[in-house]
Each structure stands twice: as structure tokens, then as C-alpha cells.
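Grab a pencil and open the viewer. Below are some exercises, each with a solution you can follow step by step.

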Amino acid sequence: MFFTMMKGTFTKQWKKMLMIAVTVALGASIATAMLNVMLDVGDKINEELKTYGSNIVVQPQSEAVVSKLYDLDNDDITVDYINEEKTGELLTIFWHNNITDFAPEIATEVTLPDGETATLTGTWFNHHLEFYKKGMTYERDTGIINLRNWWDIVDGEWLDEQAVEGTLYAMVGKDLADAKGIKAGDELVLTANGVSETVTVKGIFDSGDDESATIYTTLPVAQKLTGKEGLIQKIEVSAITSPDDELSERAARNPNLLSGEERDLWYCTAYVSSICFQIQEAIPEASASAVRQIADSEGKILEKTELLMSLITFLSLLGATLGISNLVTSGVMERAQELALHKAVGATNVQITVLVLTETIITAIIGAAAGYFLGYAFAQIIGHTVFSSSIEMSGMVAFIVAVLIIAVTLLGSIPAIRMILRLRPSEVLHGGH
Amino acid sequence: MSSLLELKNVSKIYGDLHALDNVSLTVDKGEWIAIMGPSGSGKSTMMNIISCMDKPTSGQVIFDGDDITKYSRRKLTEFHRDKIGLVFQQFHLINYLTAVENVMVAQYYHSMPDEKEALEALERVGLKDRAKHLPSQLSGGEQQRVCIARALINSPELILADEPTGNLDEANENIVLDIFRQLHKEGTSLIVVTHDPEVGEVAQRIIRLEHGRIASKK
Amino acid sequence: MNKKRRMFIRMIAASLVRRRSRMVVALLAIIVGATILAGLGMIYYDVPRQMSAQFRSYGANIIFMPSEGTFISDDAIRSAISVIPSSELEGYTPYRYENTSIHNIPVTLAGIDFTSVQKTSPYWHIEGEYPSSDGEVLLGAKVALSLGVKTGDKISALNSFEVTDNMDVSTVPEYEMYEDPATGDVYCDHQLDLTVTGIVETGGSEEEYAYISLNDIEYLTLVKRGYDIVEVSVASTSDNLSQYVTKINSDGQLSAKLIKRVTASETEVLTKLQSLVFIVTAVVLILTMICVATTMTAVIAERRREIGLRKALGADNSSIVGEFMSEGIVLGGIGGILGAVLGYVFAQLVSINVFGSGITFRPLLIPITIVVSVIVTGAACLIPIRNAVNVDPALVLKGE
């Protein structure tokens, strides 16, 4: 009989039930979309912030210790080097997926044809890296085209390493190019340590800082000019990191002071300090340190964005919740007359309550399921319009939305049920309304 | 006495169902008629047609010499609010308006709301002291009297009452019938649809409907 | 006509006041919608301002450099800074560099103001404290390493120079000066004792300097001169920044430059963020509007019988539509006003919690919110009312 009555409700009252389902679906879709966007916004903004350039720098141990204070006379000091091949180790660390880009560098002073000197940096532009370790092959395309995306190419084009392999090319900073009258396509003779190389200028870049007074070339060219073949001086790394908190700050001071559990948590969180630690594990002869200027501001902006989004999400959830409970309430109230009839023919309060709740919750679940998929669509719309990439859907969200919807539906039914319990059948059936 | 209302061969057909089948009836001015019959006999359809809330499939309804079946919707609404007062079985008071406000709503749609007149109408049905109460604070009988006061307020030529005592106990039924008697004495025409023989007996004439036809006139 | 209007108002007031619980249901929906509109609207407009203040944790985004062969004077700084609105200026720090040696190791000293550097380089990680008085030094991490000193240690900086006529040597101890017997020139080995109050770690080239106060650097060199570079941190849009730079450069006293990597990335991220808030607002708003519409539909559907009765009492369709629409509009207006206030409160809360500063009040959003909620509620009522007035009163009044 219970099911017959319920079937009756769904066939005869389908319009009202549909309205409840639609509202629940709308609410659920807001909740789904907002929660997913909120959970993913950190990664998305982090990717955007990568435009700030590298946030970790890897240097040889002794380079980190002995300062570059002696920059002015390079010959006097011993600068240690890292083996270029070690760069590939970056692809093997725990958080390798968070490392978006990196580029090894070697720099030297070169003499230009007019006798003046300039800094020459050899690096990867868009290098195709293949690294073999323990039978595994790691591949990655990376280089400074991504790490220096604020560079304006004022003449010529980016040096495309994969297209010009084996040829000698360079890119010249705008300040230097202006001073020397260098244009894209020119040939330039560079001399250092008694070695000379002729390179073709592929493009002129404006970096807006000191780099505009320097020359960039491929790694082999710079290595040859310095006489340090197969060696590099530092690696710039750009990684997606989690904002620093109390744990990461303690870890940064001394990872050995953490308890085992804390240490695991720290190691498995993408803090800039744990990524640095893992890089040092992979390349023991190097020291990895955070570039504070970038790591800090990224952390701060990320934290603010996430907080902002969570508060907006909270407001939307509140709105959705109120909307749903509103409609559930009025939906049930509308049926007062019908429910009074049940009472008049002898239904107990409990029976009516169970009937109403079951019907409402079944409706809500159907609505919520539809809403989840609608919310998925909304999240993707947001992802593609704002970040031009998909929003990752989290399974947790489905669970949260389900719990939320059932709770809200039950909550919304409370005033209606209280009203049903107070109903006197005669009043409703004979009353003026 | 001249005739107020004349139904000429009125039929109302819903699909295959002949709710009213070729009915003719004349009501004189000041007359009190009861329409009786079992459910499904066409009472409500007849009531709706007389109250201008529905149009017949065929036949004519002549009110005061005018064929109202030819009226436009707008004219029909106007005509309806000038000439007819409705009394419902379920009272149909607006539940958020007080008794006197419910009466005033009828004035509002008819001409001009006037609280004094509305209170006088309530006084006529013996409810002056309940004027400021909401329907939910009134008993069934009181609600029905408010409904009658609302029907009276625009001095209609005809009062149509659909099962006016259907939801009332005997004491209240008598109060309502007393009011009807009073109205009848004052010259208002009354058509009362009922299946209560006692209520029917009070009328001057009883029309019995069966299967959409007039079975007997008395 | 007056009496009629009074009755009209009386009916609407009665409906709103006496059908309280139902009206509250509808009102809540409208308030939530209006709150979201006003709140997110204010946040949307304030995000660039608030966020660009956050971006200042990145530090300076403009630098001033001296014009060819000179130093930057205080006057030049003052006139350049006056171009930037003070509300947008986070801070500026002039730097004066001098090459000296500490314990026989060459070290570049930078003379700065330690209060302002905290504004322009907020990302500096200091182990210890910033110097608070003369005679104290902040060491770059790499300098500290190569000197092998730590916080609390005492070091002395040595500056050797030839004494010229315009130098005031009155503060220099006798024993630091000596004369070259061959040429008669006077030289000075000027020494300054310093206490290390902190070590700065940045991961960048800042670690390669030692920082002392401007007074100390003047004392050590005995030369009063301008600055080598000025770092300026401005919370503004990149368009404005370029304007300021162009204007400052046209004065010609010094040359200003945008730090491109900062400004370019900032604009990009800000644009993304703002469009994120915009789209979120739009999606949430559309959904809330639908919610308001369904709620209003439910509220009207409930009153079909009443509409039927009014028709039976002789009301024509237009007057019923008018009455119910007025109710909806009043409801929308009340909801809009409350929502605007709550939205402002919400935006303020968000702003204080997220950004630690109040939101900019945008008066225009208040009337917009009210008008939008009146329009939305009105529109949401119109369709169900139009459907409801077409019902046959006879059917409704006869019961289900």
C-alpha cells in the first residue's frame, strides 16, 4: 500500500515533484561546480603564476657556499659544476609531475668582435630531454621558452632548438643589440678562453631587466666556449607548490627535527622545501633552494585565491541550500489537503511523515544526480573560459554534494512535517481554502 | 411579474457527455428557486452557465431580455459582477483578509470599496462584531455568512448559492435560511442548488434535474 | 479613485503581512539572490585592487636608475614619486652600493632604509632581526657563509680611499689616516664596527650583499652622494604603471623602468582571477534566478483558487495580474534592499578575512541590485500569473 501511495504521488503530483527535483538539481549543480572549481583553482592559478619564472634554483654545493661575490674577476675562484646529465634526475623525484619546466645554464664572459665583453649564457630553449634510469625512460620537452615567457621578441624569433640542432645560433638582449647594432640574422663572432665561435642571431629579446644586456645561446656552444663540455653551473626549476604553512616552515629550518609522521606528511606535500629536499636527494652534489621572491608571492596569492573561492563557494552553497529547503517546504505544504485526507482516513503521523520523507528524498536524489552532471558541465565551462583547461573532478565532491543534498532536503522538510503533524483533517477538508 | 432569466433549449456537451440536455427554464423576478438532483445530474453545469462562468454548447440564456451567450468575455465579466452574487459551499474567503476586507474585495472589483457599507452588509448577516476577524478565526457558519454578505454587497438582482448549507450544522443552516428568507422578502431573486430536501422545501419552486434534463418542476 | 487605490494597497499589504510564512519563503529566495548579486558584484570589482596589493609581496615593480653618469638625488626621487598616487604607492627604497672589504674579503655594501625595504622586498626571509639603529648590519646569506659569521657576531668593514679636500675628516680617528711620503697624498683606512642583527635569505642575488644604514655608509665613505638605484613598489594596473613610467621619464631627472616579468605576469593572473569571479558570479546568479523563479511559481500556483475566486467576484484578468505583480514587485524590492545590505556585509567579511582590508563600497551596486531583483521577481511572477488568470474559475472553485 505504501508503494501504491508513493506511486500515486509520483504519477499524480509529478509536476510538484518535478519542481522539487529541478530545484535540487540546480542547487546540486551549483555545489558541484563551485566545489570542484574551488578544489582545482589552486593548481590552475599556480600554473598561471608560472609566468613569474622559476621558483627553485639548483646550484653546485660549493657554488652555494662560496658566493658569487667575486663575479667581477671570474678567474680567481673555483666554481664547481654539475654534470649536465644529472638534470634528468629531476624527472625521477616524487613530485616530478609538479615540476613544470627547468633549464640548465652555464655562463661566461665572451669578447665581442669590437673587443668589449658581454655575458653569454648557454641553456635549453625547447630541449627534448630523454633520461634513462633503472630501465625506465623519462621524456620531457622543456627550456627557457617557457621559463622566460615574459620576454618580448622584438626582432626575429625564438631559437627553436629542435629545428636547428647542430647549428650555431644565439639570441641577443635588446640593450646589447641596440648598443652594438645587432639585428636578427646577423653573424656574431664570440671569443672566450682562446676559443672562437660564429653564431647566427636568431632573435632579439627584451626581458625588461639585466638579461637584456646579455647573449643566450644553446648549451653546447657555451660549454665549448668555456671549455666545460658536459657541465652546467645551475638549473632553474619552475614547480607547482603548495603554500608554506607552519609545518613547512619548521621543516625548512631543519627537516631532522620533525617526527616521523610529520616528516612523511611534509615529504608528500608539494611544499617548495620538500621539493628542494627531493631534488637534493636525486642530485646529491647539488643544493636546491627556493627563490623566495617568487615562491613567497606565489604562496600568498594562492592562499588568498583559495580562501576567496572557498568563501564564494560557501555563499553559493548557502544560497543553494536555502533555495532547496524553501522549495521542499512549499512543495510539501502544497500537499496539505491531500495529506490531511490521509489523516482523515486514519493514517498516523509517523506513517505520513515516512511517506512524505521517502517521496521527497527519492525526488531529491534524482534531482541531485541530474544536478551533479549539470554541475560538471558548469565546472568545465568555467575551466575552459577562464583557464582554457578542464577542471579536474574530485570524487570527494560527489560525496559532499550527496550528503549536503540529503541533509538539506531533510532540513527543508522539517517545517512542512511540523505543519502536517498539526493539521486537523476537518479544517483542511472543509476550510475556506 | 416579468421574467428575470430565461434558459431556452440550453445544452452543454463535454465530449460524449450531455451534462445539460435541451433544458428550458424561466425564473421570474423576485422568485426563489431550488435546483435539486443527485450528483452528476447537471446542477453544477447549470449553475455555471447561469452565473456566466461557462457558456452553453447550444441554446440561449436571456437575462433581463438580453441574450448573454452572445456577450464578449469582457462584457460578460462586467454583467456578472453587476447582476449576480455568488454563495459557495466552501465559502472561498481569501484567508489573509479580514471579514470586512473580504466583503470589500467584491466592492473593489464592482465599483468603489466602502468600509461603512461593507460593515452594514456584515450587520445584516449578524456579524458586525466579527468584522475584523480573519476567516481562520471564524466558524463555518460565520464564514458562510461573510460569503453571503459579500454576495449581497453590490445589490445583485440574482443570488446564486451552490450548496450553501453543505458544510454547515443545523443551527447555522437555519441562520442562513433565515437570511435567504429576508432577502426574498426584500425582492431579491434566489437560485439555490442543493440536495438537502429541507433547504429545497423553503423555496417557492423546486426544479429536479436528472441526467441533464429537467425531471420535474414543482 | 483614491478609495480604490487604498483598498489595493490594503490587499497587498494584507497578503504580504498575513501570509507571512509563505512570503518569508519567497523573500528568502530573493534575498539570497540579491545578496549573491551585490556581494559577488562588489568582490568582482574589488578583486584587481585587493589582489594587486597581494602581488606586492613580489616586491618592487618599478626601478629608478640614474641618468647617464650621475647618481639619483633625493629631489629627483621626490619629484618622480609625486607622479604616483599615494594610495597606490606601497613603498620605495633607494640603494647606495659601495665596495668594501670585511675581514679581508671583498664585500659590496648596500646602504638602505630598513623600514622601507620591508615594504619593497617583503619576501626577504630574515634569520634574526632587521637592524634598528646605526652600527648594525644585515648580511646576505652567502656573505654570511663566506665570512663564517652568524647573528650576534661583530664584524668590521674597511674602506680604503684617498682623502680629498671636500671630505670632512673630523670624525675619522687620527690613526686611520696616513700620508704617502712620495706624493704627499693623504689616505685613509676607514673602519666601521658593525653588529650582525640578522641574515637575509632570498634564494636570489640579494644574498650577495651586506646591508647597512645610509648614515653608516656615508660615515664609512665620507662622501655624500645620491643613490645607485631605487626600488619602487606600486599597487596598480599595468596600464597605469606604464603611464607613470612614461611620465617620470619625460621629466628626465632619472630613468624609470618597469620590471617586466612582474608586471606582465601580474596582469595575466589578475585578468584570469577577475574573469573567474565574473563567471562564477554569472553561473551562481543564473542558478539563483531560476531558484527565485521556481519559488515564485510555487507561491503563485498555491493561490490558483484565490485567483479563481477573484475572477468569480468579477475581477478582470488585467487587474488580477496587476495585483499579483505589485505583490511580486514589492517583494522583489524588499528582497533587493535586504540583499544589497547583506551582500555588502558579505563582501566586507570576505575582504577582511581574505585580504585583511575593507571592501570599496560601490554605491551604484545598491540600486542595480534592487532593480535587478525587482525585474527578476516580476518576470518570475509574470508567467505563472498569466497562466493562473486563464483558469476557469468554475473549475477551481469546485475543488480539485
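This is a predicted model: local features need pLDDT of at least 70, side-chain atom pairs count only at pLDDT 80 or more; totals for chains, interfaces and linings use all residues.

Residues are numbered from 1 along each chain as its sequence is written, while chains are lettered from A and ligands numbered from 1 in the order in which they are written.

**Exercise 1.** Find out how many helices and strands chain A and chain B have.

Solution. Step one is knowing what to count: helices (H or I, at least four residues) and strands (E, at least two) are DSSP runs, numbered from the N terminus. Chain A then gives you 14 helices and 14 strands. Chain B has 7 helices and 10 strands.

**Exercise 2.** Work out what share of chain A and of chain B is buried, and how far apart in sequence their contacts reach.

Solution. Next come contacts, meaning two residues whose C-beta atoms, placed from the backbone, lie within 7 Å. Take the contacts with a separation of 6 or more in chain A: 78% of them link residues 24 or more positions apart. For chain B, 68% of the contacts between residues at least 6 apart join residues at least 24 apart.

**Exercise 3.** Trace the open sheet of 6 strands in chain B and find its edges.

Solution. First, the pairing rule: two strands pair if DSSP finds at least two bridges between them. Now zoom in on β7 (residues 158-162) and β8 (residues 189-193) of chain B, which run parallel and are joined by 5 bridges. Here B:Ile159 sits opposite B:Leu190.

**Exercise 4.** Why is helix α9 (residues 304-312) of chain C largely enclosed?

Solution. Count the buried residues: 8 of the 9 in α9 of chain C qualify, so the rest of the structure largely encloses this helix. Among them are C:Ile307, C:Leu309 and C:Ala312. Then look just past the end of α9(C), where C:Gly314 has a positive phi of about 105°.

**Exercise 5.** Describe the side of chain C that touches chain B, then the side of chain A that touches chain C.

Solution. Take chain C and chain B to begin with: 20 residues of chain C are in contact with 25 residues of chain B. On chain C's side, α1, α9 and α12 each supply at least two residues, and α1(C) gives the most, with 8 residues. Then move to chain A, where 56 residues are in contact with 58 residues of chain C. Here α10(A) is the top contributor to chain A's side, with 23 residues.

**Exercise 6.** Which elements of chain C have the lowest and the highest mean pLDDT?

Solution. Remember that pLDDT is the predictor's confidence in each residue, from 0 to 100. Helix α12 (residues 393-397) of chain C has the lowest mean, 70, and strand β9 (residues 209-213) of chain C the highest, 92. Chain C as a whole averages 84.

Terms used: A residue is buried if 20 or more other C-beta atoms lie within 10 Å of its own, exposed if 12 or fewer, and partly exposed in between; C-beta atoms are placed from the backbone.
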